[in-house]
Amino acid sequence: MKYKKFTSLLVAGAAAASMMLGGCGSRISSTEVGATIGGQDISLGYMNFMAHYTQMNYDTIFASYYGDDYWTSEDYADDDGNTMEASVKDSVLDDIEQDYLMEAHMEDYGVVVDDDTLADIQAAAEQFMSDNTDKAIKSMGATQEYVEDMLYYRTVASLMEDAIKGEVGDDLDIADYARRTFSYVEIDMEGYTDEDGNYVEYNDTQKGNLGTQASLLADKAADDFDGTMDEYDYTVESYSYGEDEEDFDEAVIAVADTLSEGEVSGAIEGDDAWYIIRLDSENDEDAAESAMEDAASDMKSDHYDEVLEGYQDESDFTVDEDAWAKVHFTEIYEIDYGTDDDEE
């Protein structure tokens, strides 16, 4: 199954794709109910389209690496024995449930899809349908209505995510995210790779020699940190930390706390390496700003996840497993790099 075009259509945060495909027509009934939620029936036809639309996106990335049978091959099954097809179909169900839940709560947040956006969605769906051959449409199980629905629900989900995250304020105090920044070099004392490509652990004598070398290097770096590290071909990296630091070697952080701006440390013995550091800033405002933005983003994401989880806990989403079992990924979508004159 091949397509000649793949054009992203971005509409208010939702994406559609234009593609030229071949292959057999869908045998999924458009009138059969595939799931229900909140008293609404969800067409198996729509669910089938969403599944194949998702499959197409996977195929464009993975099929050339994993082969034509990767959807059902045990080689790519997860730890529970679920094939790629089963796992992705589960993901599609999660997406559909989330879409319907978000729409059901639009009024709670005053979210509205305006007429201009609805017109854009309709136009994008029309382009999707017109850019594809009849074989492509049948293969995907696509209809104008299904494409519009996909775009609409993706738009609603995006607007709802913004609204929910917007409940969490941005009024954080930058003083709470103060950061000190240092440059450092790391001298590994666990082992090295020999000429034959074998990994060899340092013995105690070698580790002692590394400590001596690190001390000599630190003495020389005291007057010219960057020049010394460049001379001996060490890679200099930078690190910023705050009061809640947990990720960097605690021995290094303890020394960094004692340094003044521009001061270079002696050799610091860490858990698995020797370090030499130079304190670059006692109050790095850029790093503090970045840390505060990260904290705000995490708070918003956590709040969104909490709200969504609450919706899901109360959801009555029910899938007709016999109907859903009819959906399979039996053909692979491949890019057709032929000319525009080629007929597919």
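This is a predicted model: local features need pLDDT of at least 70, side-chain atom pairs count only at pLDDT 80 or more; totals for chains, interfaces and linings use all residues.

Visitor: Which residues of the largest nonpolar core touch the most other members?

Guide: In soluble globular proteins, nonpolar side chains tend to be buried together. A nonpolar core is a set of buried Ala, Val, Leu, Ile, Met, Phe, Trp, Tyr and Cys residues joined through side-chain atoms within 4.5 Å. Buried means under 20% relative accessible area, exposed over 50%, and partly exposed in between (1.4 Å probe, protein chains only). Here the largest core has 53 residues, and Ile42, Phe49, Met102, Met160 and Trp324 touch the most other members. Among the elements that give two or more residues to this core are strand S4 (33–37), helix H1 (44–66), helix H5 (144–165) and H9. H1 supplies the largest share, nine residues. Such helices (H or I, at least four residues) and strands (E, at least two) are DSSP runs, numbered from the N terminus.

Visitor: How many salt bridges does a search of the whole structure find?

Guide: A salt bridge is a side-chain nitrogen of Lys or Arg within 4 Å of a carboxyl oxygen of Asp or Glu. The search finds eight. In one of them, glutamate 161 meets lysine 165 at 2.8 Å, N to O. These two residues are four apart in helix H5, which means that about one helical turn separates them. Glutamate 161 is partly exposed, at 28% relative accessible area.

Visitor: Where do aspartate 170 and lysine 300 lie?

Guide: Aspartate 170 and lysine 300 form a salt bridge, their closest N and O atoms being 3.4 Å apart. Aspartate 170 lies in the loop between H5 and strand S6 (180–188) and lysine 300 in helix H9, so the pair ties together parts that are 130 residues apart in sequence. Aspartate 170 is exposed, with a relative accessible area of 55%, whereas lysine 300 is buried, at 17%.

Visitor: Which residues are linked with Arg278 in a network of salt bridges?

Guide: Asp226, Arg278 and Asp280 are linked in that network. Aspartate 226 and arginine 278 have their closest N and O atoms 3.2 Å apart. This pair links distant parts of the chain, with aspartate 226 in helix H7 and arginine 278 in strand S11 (residues 273–281), 52 residues apart. Aspartate 226 is partly exposed at 41% relative accessibility, and arginine 278 is buried at 17%.

Visitor: In which helix is aspartate 305 found, and is it buried or partly exposed?

Guide: Aspartate 305 is found in helix H9 (residues 285–313) and is partly exposed, with a relative accessible area of 43%. The C-alpha atoms of aspartate 305 and glutamate 161 are separated by 9.6 Å, although the two residues are 144 apart along the chain.

Visitor: Which kind of surface patch includes Asp305?

Guide: Patches are made of residues with over 30% relative accessible area and no salt bridge, like charges being joined within 9 Å and nonpolar side chains (Val, Leu, Ile, Met, Phe, Trp, Tyr) within 5 Å. Asp305 belongs to a negative patch, whose members include Glu285, Asp298, Glu309 and Glu314. Lys and Arg count as positive and Asp and Glu as negative, with His and the chain ends not counted.

Methods. Residues are numbered from 1 along each chain as its sequence is written. Side-chain values use heavy atoms; hydrogens and water are left out. Accessible areas come from the Shrake-Rupley method with a 1.4 Å probe; for residues, only the protein chains shown count as cover. The place of a charge is taken as NZ of Lys, CZ of Arg, CG of Asp or CD of Glu.
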